[in-house]
Amino acid sequence: MGGFYGAVVVRGFRRYATYRVATAAGVFTNTVFGLIISYSYIALWNQRPHLGGYTEAQALTYVWIGQGLLVTMALMGGGFEDELMERIRSGDIAVDLYRPADLQGWWLAADLGRAGFHLLGRGVLPLVCGALVFDLAVPSSALTWALFAVSVLLGVVVSFAVRFLVALCAFWLLDGTGVAQAAWITGLFFSGMTLPLNVFPGALGGIARALPWSALLQVPADVLLGQHRGTGALLALAFQAGWAAALLAAGRLLQAVATRRVVVQGG
Amino acid sequence: MAEAEAEAEAEAEAEPRAVAPGAGARTPGPVAESVRAYGLVVAMWMRSTMAYRTSFVMTALGNFAATGLDFVTIVLMFSHIHALGGFTLPEVAFLYGTASTSFGLADLLMGSMDRLGRRVRDGTFDTLLLRPVPVLAQVAADRFALRRLGRILQGGMVLGWALLRLDLDWTPLKVLLLPATLLAGAAIFCAVFVAGAAFQFWAGDAAEVQSSVTYGGNTMLQYPPGLFSRELVRGVTFVVPLAFVNWLPALRILGRPDPLGLPGWVDFLSPAVAVLCCALAGLAWRAGIRSYRSTGS
């Protein structure tokens with residue numbers, strides 16, 4: 001069974017790998033946005049050095065990690081959820097439920113493949129471009145990079161679990177576009193994509209850091225920037241794993257409720 | 001040819017609601033014809049949008065909230081500082097409001113242009129070529145999204161707040177400059193949308209390059225120009241003239257010197273730059289259409 005889901009991961013990767021021109025165009029866009037945000041952060045950190053516990057180099061590195069993870073974490077939508085919602089709306093979902101593969105497992109595998117491609121295709125090059133223009137605080141320790149890789153993987157699972165819940169709303173709403181949009185807007189803000197969460201003032205910052213979306217960008221970035229060390233790093237990964245498990249379980253529960261609602265329309 | 005032109009124009013004046021038979025891209029009076037066709041397609045999409053009112057209200061609110069987050073981010077930044085690049089929050093809000101309103105207008109009118117790449121790829125672009133309606137109007141009005149009013153509303157509100165908070169030294173010229181800036185800015189962004197779409201005839205899958213100039217440009221213009229490196233500011237002044245969308249006229253209204261030290265009259269050039277951009281975009285679009293080869297699918 002593991003081999004089966006492995007094959008789905010590979011197919012998910014390959015599916016996105018076919019869009020080479022689109023990927024190159026995406027790298028270009030990520031780089032342009034990275035440049036613009038970098039300059040605004042430089043102005044901010046010039047006046048408030050060590051804002052949020054970051055040096056200017058760390059803040060700039062944060063920008064480019066963000067650009068690298070933007071599509072990997074599907075922070076602006078565009079993952080599997082549109083397709084799943086369309087299958088629920090059209091009724092094709094009934095066929096999926098008869099297949100000898102678990103619905104959640106299947107889409108998780110496909111989404112891991114997609115995320116893997118985007119991490120390589122649209123994550124690495126913008127970071128390299130950023131490093132060419134600015135002084136970045138990129139760690140040299142292999143252990144830090146290994147922890148970062150685990151953190152990104154856990155982040156992708158949390159991102160998937162949230163979007164799976166959103167997609168299942170289509171069983172009740174038929175048109176899930178509004179919910180999907182509300183979800184990615186919330187995610188974009190509370191992941192720390194627009195501004196690092198440790199720069200958010202007071203209670204807002206505390207709440208934002210406890211929400212699941214911080215697992216998508218803030219935690220992986222802090223792991224790479226060495227903000228979490230030793231047991232702190234393990235706690236950060238445990239935070240992500242905890243949200244992943246809770247949200248996957250919620251998705252499983254909702255899936256069970258939802259599939260009992262499936263009515264196949266005749267004709 | 002001249003006779004046909006006069007005839008088509010007369011018809012356009014007499015019966016503005018009818019679609020002239022055989023009014024293809026090469027038909028005389030192309031501007032009036034395009035505007036009319038654009039209006040017809042837009043009206044159709046608006047009726048279709050209004051069939052699902054709840055969905056429309058939700059997505060329009062979503063559009064409002066999504067664009068509003070950019071401004072919330074700026075406000076959060078100002079919880080730590082008093083000035084960004086030497087600009088106060090109301091001054092940054094003025095830049096934000098002018099850029100967002102112009103971009104919102106262009107996005108509403110022409111934002112569907114980036115679907116062209118997909119249409120070229122799946123072969124449905126050929127259908128547009130066969131219809132007796134100007135192609136540019138069809139592409140621009142394709143899936144017209146009324147929900148984009150959300151962005152204009154949000155940008156307009158931030159601009160309104162900025163104008164209330166700023167103590168500006170208004171002269172009649174400056175009062176005229178503000179609406180001229182908003183319209184010229186929208187026209188420049190429209191030209192970028194058209195030129196970007198023309199580029200997709202060659203590049204196919206590269207809609208995101210267009211996004212980097214449109215959405216990226218919009219984001220950049222929300223911040224004071226002094227933040228960015230000189231090369232970048234030169235690039236958006238002389239290469240892709242986005243600085244004329246709001247930076248140069250806004251600096252005049254706010255009474256700030258521009259970082260490139262250009263002569264003062266340049267601040268009033270936005271309308272002229274907008275006309276030039278639209279003309280160039282039109283040429284690029286024609287060249288794009290001529291080079292188009294169907295995928296045959």
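Reader: Which side chain meets that of Glu86(A) in a salt bridge?

Author: Keep in mind that this is a predicted model. To read such a contact, look for a Lys or Arg side-chain nitrogen within 4 Å of a carboxyl oxygen of Asp or Glu. Here the partner of Glu86(A) is Arg89(A), at 3.1 Å from N to O. The two sit three residues apart in helix α4 of chain A, so about one helical turn separates them. Glu86(A) is partly exposed at 39% relative accessible area, and Arg89(A) is partly exposed at 46%.

Reader: Are Asp111(A) and Arg114(A) buried or exposed?

Author: Both are buried. Their side chains form a salt bridge at 2.7 Å, and they are three residues apart in helix α6 (residues 103-133) of chain A. They also belong to a salt-bridge network with Glu81(A) and Arg163(A).

Reader: Which parts of chain B does the pair Arg252(B) and Asp267(B) link?

Author: That salt bridge spans 3.2 Å. It joins distant parts of the chain, 15 residues apart: Arg252(B) lies in helix α12, and Asp267(B) in the loop between α12 and α13. Arg252(B) is partly exposed at 28%, whereas Asp267(B) is buried at 9%.

Reader: And how many disulfides does the structure hold?

Author: A disulfide is a covalent bond between the sulfur atoms of two cysteines. The structure holds zero. For Cys277(B), the nearest cysteine sulfur is that of Cys278(B), 6.8 Å away. The Cys278(B) sulfur is 6.8 Å from its closest counterpart, in Cys190(B), which is too far for a bond.

Terms used: Residues numbered from 1 in each chain as written. Chains lettered and ligands numbered in written order. Predicted model: local features only at pLDDT ≥ 70, side-chain atom pairs only at ≥ 80, totals over all residues. Heavy atoms only, no water. Disulfide = S-S within 2.5 Å. Helix = DSSP H or I, 4+ residues; strand = E, 2+ residues; numbered from the N terminus. Buried < 20%, exposed > 50% of the residue type's maximum accessible area, 1.4 Å probe, protein only.
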